[in-house]
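Me: I'd like to learn how to read a fold like this one. Could you walk me through a few features?

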Amino acid sequence: MPNSLIEVKNLKMYFPVVSGILVPRKVSDIKAVDDISFDIRRGETFGLVGESGSGKTTVGLSLLQLYRPTSGQVLLEGKDLCKLRGSELRQVRRRMQAIFQDPYSSLNPRMNVFDIISEPLGIHHIMSPREYRRKVEEMLTLVDLDPGMISRYPHEFSAGERQRIGIARALAVGPEFIVCDEPVSSLDVCVQAQILDILDSLQTRLNLTYLFIAHDLAVVGYMSNRIAVMYLGQFVELGTRDQIFEKPLHPYTRALLSAVPIPDRAAEKKRQRVVFADETSGALTPSNGCSFAPRCTVGDEQCHEAVPEMEMREAEHWVACWKS
Amino acid sequence: MAGTLLQVKDLKTYFYMPEATVKAVDGVSYDVREAETVALVGESGSGKSVSALSIMRLVPYPGRIVGGEIIFDGENLLELPEKRMRNIRGRHIGMVFQEPMTSLNPVLTIGAQLAESLKVRLGMDEGTARQRVIELLRMVGIRDADRRLRSYPHQFSGGMRQRVMIAMALSCNPEILIADEPTTALDVTTQAQILDMMTSLAQQMGTALLLITHNLGIVARYADRINIMYEGKLVESGTADDIFSSPTHAYTRKLLECVPRIDKKRSRLAAS
């Protein structure tokens with residue numbers, strides 16, 4: 001049994017849909033995350049891909065307990081985080097941090113770099129305020145920023161530099177686990193490459209474990225050891241990077257991969273495209289079975305009637321599909 | 001070889017800010033031939049969008065086109081009176097923008113917005129315009145077009161809105177369609193469907209496509225010729241086959257090495 005840092009069991013995160021102004025009542029639920037189970041192993045990067053609205057971010061926020069899950073367990077070294085409250089929860093949060101997508105809105109424009117990076121130190125009472133300055137300078141050096149910039153404000157930095165500040169803030173409290181939620185999607189390609197390399201080298205140096213969320217399959221493939229593919233709140237496939245990219249089993253994974261254009265003319269000409277029904281193909285009949293069935297090209301009646309469970313097809317490779 | 005449709009010669013568009021003059025486009029030349037797809041590639045701030053807006057003469061203040069020529073159909077667009085320019089926009093050169101939500105009017109129905117340009121530019125009456133709108137919506141893959149034209153933009157998803165934008169841009173059969181990052185805000189699957197639809201429509205209609213993007217994958221898949229921009233200047237141009245097989249400029253090589261690829265095992269990216 002590999003060494004799991006985080007184990008997620010039957011995680012569900014539903015958001016109520018409320019209707020009525022005078023007497024609001026719950027009319028239904030939006031099942032943003034619907035019964036998923038997986039583990040994240042110490043030192044690995046676990047990638048999460050899927051289209052917008054598939055629930056990737058909700059998974060990340062539920063692990064951090066920024067959303068309290070509707071049901072299920074999130075175990076950090078065997079301890080269920082969903083049951084923790086108050087100071088107990090705060091202690092655990094020191095071990096898990098997040099890096100967000102937009103380096104413009106995730107940094108407070110009225111705080112300078114020192115305030116931004118030292119704020120979590122104060123919240124977690126990690127050291128005496130006299131030591132903050134030294135710590136902040138150390139963190140800036142860690143992400144390849146000049147410690148001389150300590151009293152500058154976010155607007156004085158480029159997008160890539162701001163993202164480094166975000167990374168420094170996340171790492172200041174010495175976490176083991178980081179949720180990277182689309183950390184490079186708003187950056188230019190060359191800056192993307194720099195941030196990915198920093199994340200990569202920090203992982204080795206500080207023995208970090210990442211949950212890496214992105215909609216860009218190439219980026220997730222570059223960073224991750226294992227990858228889960230999400231569709232409408234559920235995992236449809238889970239495997240190692242090579243299994244997902246070279247031997248994808250689920251029709252959705254195949255369609256997703258084939259939609260990604262490759263920046264190589266020769267390779268692009270040789271490719272075969274997998275198509276599936278899109279939003280314009282009329283009313284998609286909801287199915288009682290597989291959630292992908294209405295858009296699937298290989299499905300039949302069975303797929304519309306019964307929900308496929310995640311099954312292991314070979315070591316590490318899981319898929320939820322009747323037809324593959 | 002097909003004839004040249006649009007020629008941009010030594011275009012200079014500068015932004016006059018209080019503190020400094022920003023040379024957003026600084027001496028750029030390229031051309032677009034009939035019925036081909038030309039890509040304009042670069043990172044944000046490279047001047048690719050400004051160069052497209054200059055073609056339409058829609059450069060926002062404090063920007064100004066300070067030099068160069070844009071030859072379309074034998075005339076220099078930069079010298080045309082505004083009234084004639086208005087006839088070129090939409091009628092001869094169509095444009096699709098990145099953000100379909102902000103480019104559509106939220107208080108008008110999709111049908112009304114599409115019909116507007118047909119009535120104004122082609123002088124159609126209400127009934128003919130309506131028929132043509134339905135046709136256009138079907139063409140870009142929107143089902144139930146006769147019902148959907150009564151919808152408002154917020155009732156459409158991002159992908160559907162971008163389809164509407166494409167329908168609008170193609171409504172007057174322009175000779176050139178300029179698409180500025182048309183799929184950047186969309187999911188990969190939707191992106192592929194929309195670009196497939198747009199390029200095949202352009203091909204059917206014989207419309208040339210000027211595709212502005214930062215995504216080299218898209219360029220590899222759809223473009224015939226490529227122009228690479230960096231800091232307001234063109235650093236490399238050539239056929240897509242040549243640029244991908246043997247990029248000569250250091251910046252082009254760097255761009256290609258920066259991008260992780262799904263068909264390659266992990267190798268270090270060329271950072272910094």
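Reply: Let's go through the sheet, a surface patch and a loop contact in turn. Keep in mind that this is a predicted model.

Me: In what order do the four strands of the open sheet run?

Reply: For a sheet, read the strand order and then the pairing sense. Here the order in chain A is β2-β1-β4-β5, and the pairing is antiparallel. The edges are β2 (25–41) and β5 (79–80) of chain A, each pairing on one side only.

Me: Which helix packs on the sheet?

Reply: That's α1 of chain A, residues 56–63, which touches β1, β2 and β4 of chain A. Its direction makes about 75° with that of β2(A).

Me: How many bridges join β1 and β4 of chain A?

Reply: Five, in the antiparallel sense, between β1 (residues 4–19) and β4 (residues 71–76) of chain A. To follow a bridge, take A:E7: its partner in β4(A) is A:L75.

Me: Is A:V23 buried or exposed?

Reply: Relative accessibility over 50% counts as exposed. A:V23 is exposed because its value is 62%. A:V23 sits in the loop between β1 and β2 of chain A, and together with A:I21 and A:L22 it makes a nonpolar surface patch of about 430 Å².

Me: What about A:Q101: where does it lie?

Reply: Look in the loop between β6 (96–99) and α3 (113–123) of chain A. At 37% relative accessibility, A:Q101 is partly exposed. Leaving aside neighbours within four places in sequence, the contacts of A:Q101 include A:Q163, A:D181 and A:P183.

Definitions and conventions
Residues numbered from 1 in each chain as written. Chains lettered and ligands numbered in written order. Predicted model: local features only at pLDDT ≥ 70, side-chain atom pairs only at ≥ 80, totals over all residues. Heavy atoms only, no water. Pairing = 2+ DSSP bridges. Helix = DSSP H or I, 4+ residues; strand = E, 2+ residues; numbered from the N terminus. Contact = heavy atoms within 4.5 Å. Axes fitted to C-alpha atoms, helices over the stretch in contact; angles between N-to-C directions. Patch = residues over 30% accessible without salt bridge, like charges linked within 9 Å, V, L, I, M, F, W, Y side chains within 5 Å. Areas by Shrake-Rupley, 256 points an atom, 1.4 Å probe, with all protein chains shown as cover. Salt bridge = Lys/Arg side-chain N within 4 Å of Asp/Glu carboxyl O. Buried < 20%, exposed > 50% of the residue type's maximum accessible area, 1.4 Å probe, protein only.
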